[in-house]
Number of protein chains: 2
Amino acid sequence: MSALIVAGGTVSDELLVQEAKHADCIIAADRGLEALERIERYPHIIVGDFDSASGETIAHLEQYASQGVRVVRLIPEKDDTDTEAALQLAFAHSTGDIVILGGTGSRLDHVLGNISILGQGLERGRRVFLEDTHNRIRIINSNITLHRKNLYGPYISLFPYGDRAVGVTLQGFKYPLEQATMEGFTSLGVSNELVDETGEIHIKQGALIVIEARD
Amino acid sequence: MSALIVAGGTVSDELLVQEAKHADCIIAADRGLEALERIERYPHIIVGDFDSASGETIAHLEQYASQGVRVVRLIPEKDDTDTEAALQLAFAHSTGDIVILGGTGSRLDHVLGNISILGQGLERGRRVFLEDTHNRIRIINSNITLHRKNLYGPYISLFPYGDRAVGVTLQGFKYPLEQATMEGFTSLGVSNELVDETGEIHIKQGALIVIEARD
């Protein structure tokens, strides 16, 4: 049972339609509701403080509630973001992969904040993806295999998440690594590519941000 | 003596014209040259492997060189990026602030890579800014004062850079902090705001990514 979170950043209608097809549970975070309205798709849950939503959207909330959509209103002054609250709901209401759309856009503080919350899946053993039309971002703390035919785009970049990533080995990549330690932010892992049909990313300690990208 | 680096990501002509006015040394990194050509401004230095430049641009390189522009061609298979090479040239050819335009855009791997290289200014005691029309990003490892009238936008977000930031104190902010430790990626510091005319960011150990943002 997978979940789709639609947040208030830039959302491609085409990508949204495609992801909504596969999702068992759709959660609108704040202005993400407007993207779902554009493609005329009902969410199962709506969450947000709606401090940036249009008056029209607010008026719709009661109507949504009357039609069985669960509406969770947050207080505007809070430490965590609407997307973070949506992620907590996704953990509770689904058991499979979670995809976040609308978590990227022109505000880079939001983008970094949304990349950060991907790490919350690690302790739960859940895969959480942040996606837009150019990027698919995940955080891993154990070995994964990438298949070239399923890649989001030709470029694969790795950044340490948090303290450091230790024992990073890349096989099947243009620029392989062998038991490398990646610390802090670094541009060491930017724009790698697969040369084999599959690529192995091994990690011994810590966690890695993995970005598959296309131009 | 300040420097401006124009990289190959999204560049606003308006912002470019404005920043080029103040820069004593203008460095075009790879396709950043095309942005400068749009505003009909000559760089002092051109650097890149030009693996993604148009044939027309390549043809122009010799012409640029004949007119006194220094052209630095990098080998395409290299560990550091064109922007990173441009930054090294900026350190060597200027003594003041360095602004990077065109270091952001839809490829989030490039964005994270470019945020990472801002840290290279720290050991040299140089301020390096990554700017676009929505964000001004810097990395600090010592106390700074922000003046409300000079802010890039109303939102100020803080993320630890590298290992951790220790002893983070915020004064004059809507959400103050007192001797906080920020570790790894966290959304703790997203979207703060100034409430006073000036804001103080104090840090005892480590470094912070500071993002000033506007919608």
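Leaving aside neighbours within four places in sequence, Glu183(A) is in contact (heavy atoms within 4.5 Å) with Pro160(A), Asp163(A) and Arg164(A). This is a predicted model, in which local features need pLDDT of at least 70 and side-chain atom pairs count only at pLDDT 80 or more, while totals for chains, interfaces and linings use all residues. Residues are numbered from 1 along each chain as its sequence is written, chains are lettered from A and ligands numbered from 1 in the order in which they are written, and side-chain values use heavy atoms, with hydrogens and water left out. Chain B and chain A bury about 3200 Å² between them.

- Glu183(A) belongs to strand β10 (residues 177-183) of chain A; helices (H or I, at least four residues) and strands (E, at least two) are DSSP runs, numbered from the N terminus.
- With 45% relative accessibility, Glu183(A) counts as partly exposed; buried means under 20% relative accessible area, exposed over 50%, and partly exposed in between (1.4 Å probe, protein chains only).
- The side chains of Glu183(A) and Arg164(A) make a polar contact at 2.7 Å. A polar contact is a pair of N or O atoms within 3.5 Å; within protein, one must be able to donate a hydrogen and the other to accept it, and residues adjacent in sequence count only if both atoms are side-chain atoms.
- Glu183(A) and Phe159(A) are 24 residues apart along the chain, and their C-alpha atoms are separated by 8.5 Å.

**Interface of chain B and chain A**

- The contact takes 38 residues from chain B and 38 residues from chain A.
- Of the buried area, 62% is on carbon and sulfur atoms; buried area is the accessible area (1.4 Å probe) that two parts lose on being put together, summed over both.
- The rule finds 2 salt bridges across the interface, a salt bridge being a side-chain nitrogen of Lys or Arg within 4 Å of a carboxyl oxygen of Asp or Glu.
- Asp215(B) forms a salt bridge with Arg107(A), with the closest N and O atoms 2.8 Å apart.
- On the side of chain B that touches chain A, the elements giving two or more residues are α5 (108-117), β7 (135-140), β9 (155-171) and β12 (205-213) of chain B.
- The largest share of that side, 9 residues, comes from α5(B).
- By class, the side of chain B that touches chain A has 15 nonpolar, 13 polar and 10 charged residues. Ala, Val, Leu, Ile, Met, Phe, Trp, Tyr, Cys and Pro count as nonpolar, Asp, Glu, Lys and Arg as charged, and the others, Gly among them, as polar.

**Asn114(B) in helix α5**

- Asn114(B) is in helix α5 of chain B and is buried, with a relative accessible area of 7%.
- A polar atom of the Asn114(B) side chain lies 2.8 Å from the backbone oxygen of Gly103(B).
- Not counting residues up to four places away in sequence, Asn114(B) touches Thr83(B), Gly103(B) and Leu130(B).

**Helices of chain A**

- In helix α3 (residues 55-66) of chain A, the residues Thr57(A), Leu61(A) and Tyr64(A) are buried.
- They lie on the same side of α3(A) because they cover an arc of only 75 degrees around the axis, the arc being that of the directions from the helix axis to the C-beta atoms.
- The buried residues of α3(A) pack against α2 (32-38), β3 (45-48) and β4 (70-73) of chain A.
- The face of α3(A) turned away from the buried side carries the exposed residues Gly55(A), Glu56(A), Ala59(A), Glu62(A) and Ser66(A).
- Just after α3(A), Gly68(A) takes a positive phi of about 95 degrees.
- Helix α5 (residues 108-117) of chain A is mostly covered, with 9 of its 10 residues buried; among them are Leu108(A), Val111(A), Asn114(A) and Ile117(A).

**Loop residues**

- Asp30(A), in the loop between β2 (25-29) and α2 of chain A, has a positive phi of about 50 degrees although it is not a glycine.
- Asp30(A) counts as buried, at 5% relative accessibility.
- Ser191(A), also not a glycine, has a positive phi of about 60 degrees and counts as buried at 18% relative accessibility.
- Ser191(A) is found in the loop between β10 and β11 (198-202) of chain A.
- Most residues other than glycine have a negative phi.
- Leu74(B) lies in the loop between β4 (70-73) and α4 (82-93) of chain B.
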